[in-house]
Amino acid sequence: MMIIMKSNATPAQVENVIEHVKAAGLNVHLSQGVEATIIGAIGETHNIPLDRFDSLDGVELVQRITQPFKLASRQFHPENSVFPLDGFTVGGDEITIIAGPCSVESRSQIIETAQAVKEAGASALRGGVFKPRTSPYSFQGLGEEGLEYLADAREKTGLPIVSEIMSQTQLDAMIKYVDVFQIGARNMQNYNLLRSIGETQTPVLLKRGLSATIEELLMSAEYILAGGNKQVMLCERGIRTFETSTRNTTDINAIPVLKNLTHLPVILDPSHATGNADYVSSIARAAIAAGADGLMIEVHPDPANALSDGKQSLRPEKFAEMVKQVGQIAQVINRRLASSEVPSPVFGRG
Ligand code: PEP
Ligand code: MN
């Protein structure tokens, strides 16, 4: 942490700040230039709030040099986090494609979709059984019955299951069934839920909140990591802006920014980011070109009759076409789809 003193700060004010830094258990590095005096506070500063020092007399500005999200930060973990998920890896050279319906609606719907997305090249199956709907009158999901159907779909296709947990009360029921806990945008700052998931060893897909900054997303990931669960994927799913022509606005910037700030894998969800099946493939291609480690795509065999998010769901044929395009883009940047058995002879890394 750097404490920059005002140009007219007195020696007594500088001394007072130094005493406060020491009292916080930190070491002092004093730099007295012609223009300004800078006090470096060195040590475990991530849990010390900036306002501890910036109200002291003579202080101009307090700045962190290290990130407040220590465990998620690349500064402390320069290598990408790569972890296994049922036969493939997330966060390495392979691109992960998670696909499936917004909601599990019936046994036949989820099995049919699972088989179609597997055939098209998906590496994991998504499907919500506890749905965070804006209206309490909308379909809320099948609950535990839906988990049984997901388990059936996994047995038939071998695809690992990604499903959203909305509350700690669902943890015992879900942990037996899911391979990845999804934490939805509306729960990104549900700190009790984040702590509970942090105590498990089940991989997590943490979605960015509708109005959350990148730093807030990383601080939420920090809760899970601090609990001991290191297998966290971050998911950009569009943010709220003034634009109304799409459901949300894809923050494509977030991909390189996150890749720079953190070692955790970054997934993009173009379905919720655009809210419109017509735009999903182009944003999916853009995400892979921008360096995302994977995609989460809503796919439904009959979008017009879907119980949730039909407008943004791809039909299986469209999804298959998208996977092919994404696979080609992956090759250009020396990556490949997790599902492709044989790496490209020209560009494949391994
Ligand atoms: C979903 O994935 O179906 C979902 C509800 O997403 P989000 O939390 O991003 O709105
Ligand atoms: Mn959805």
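A residue counts as buried when its relative accessible area is under 20%, as exposed when that area is over 50%, and as partly exposed in between (1.4 Å probe, protein chains only). With 8% relative accessibility, His-272 is therefore buried. This is a predicted model, where local features need pLDDT of at least 70, side-chain atom pairs count only at pLDDT 80 or more, and totals for chains, interfaces and linings use all residues. Residues are numbered from 1 along each chain as its sequence is written, chains are lettered from A and ligands numbered from 1 in the order in which they are written, and side-chain values use heavy atoms, with hydrogens and water left out.

**The manganese site**

- Four residues coordinate the manganese ion (ligand 2) at 2.0 to 2.4 Å: Cys-102 (SG), His-272 (NE2), Glu-298 (OE) and Asp-309 (OD).
- Donors here are N, O and S atoms within 2.8 Å of the metal (3.2 Å for Na, K and Ca), and sites may look incomplete because water is not among the atoms.
- Along the sequence, the spacing of these donor residues reads C-x169-H-x25-E-x10-D.
- Cys-102 is buried, with a relative accessible area of 3%.
- Asp-309 also counts as buried, at 18% relative accessibility.

- Asp-309 is not a glycine, yet it has a positive phi of about 55°; you will find it in the loop between β14 (294-298) and α11 (316-332).
- Asp-86 is not a glycine either, and its phi is positive at about 45°; its place is the loop between β5 (83-85) and β6 (88-90).

**Pockets**

- A pocket is found on a 1 Å grid over the protein atoms alone: it is an open set of points where a 1.4 Å probe fits, with protein on both sides within 12 Å along at least five of seven lines, and lining residues have an atom within 4 Å of a point.
- The largest pocket holds about 250 Å³ of space.
- It is lined by 20 residues, and the closest to its centre are Pro-132, Arg-186, Arg-247, His-272 and Asp-309.
- The second largest pocket holds about 200 Å³, and of its 13 lining residues the closest to the centre are Lys-118, Ala-122, Ser-123, Leu-159 and Ser-339.

**Salt bridges**

- A salt bridge is a side-chain nitrogen of Lys or Arg within 4 Å of a carboxyl oxygen of Asp or Glu, and this rule gives 12 of them.
- Arg-107 and Asp-152 meet in one, at 2.4 Å from N to O; Arg-107 is in helix α3 and Asp-152 in helix α4 (residues 144-157), 45 residues apart.
- Arg-107 is partly exposed, with a relative accessible area of 40%.
- Arg-208 pairs with Glu-236, their closest N and O atoms being 2.7 Å apart.
- Arg-208 is buried, with a relative accessible area of 5%, and Glu-236 is buried too, at 1%.
- Salt bridges with shared partners join Arg-208, Glu-236 and Asp-251 into one network.

Conventions:
Helix = DSSP H or I, 4+ residues; strand = E, 2+ residues; numbered from the N terminus. Points joined across faces, edges and corners; volume = space filled by probe spheres on them.
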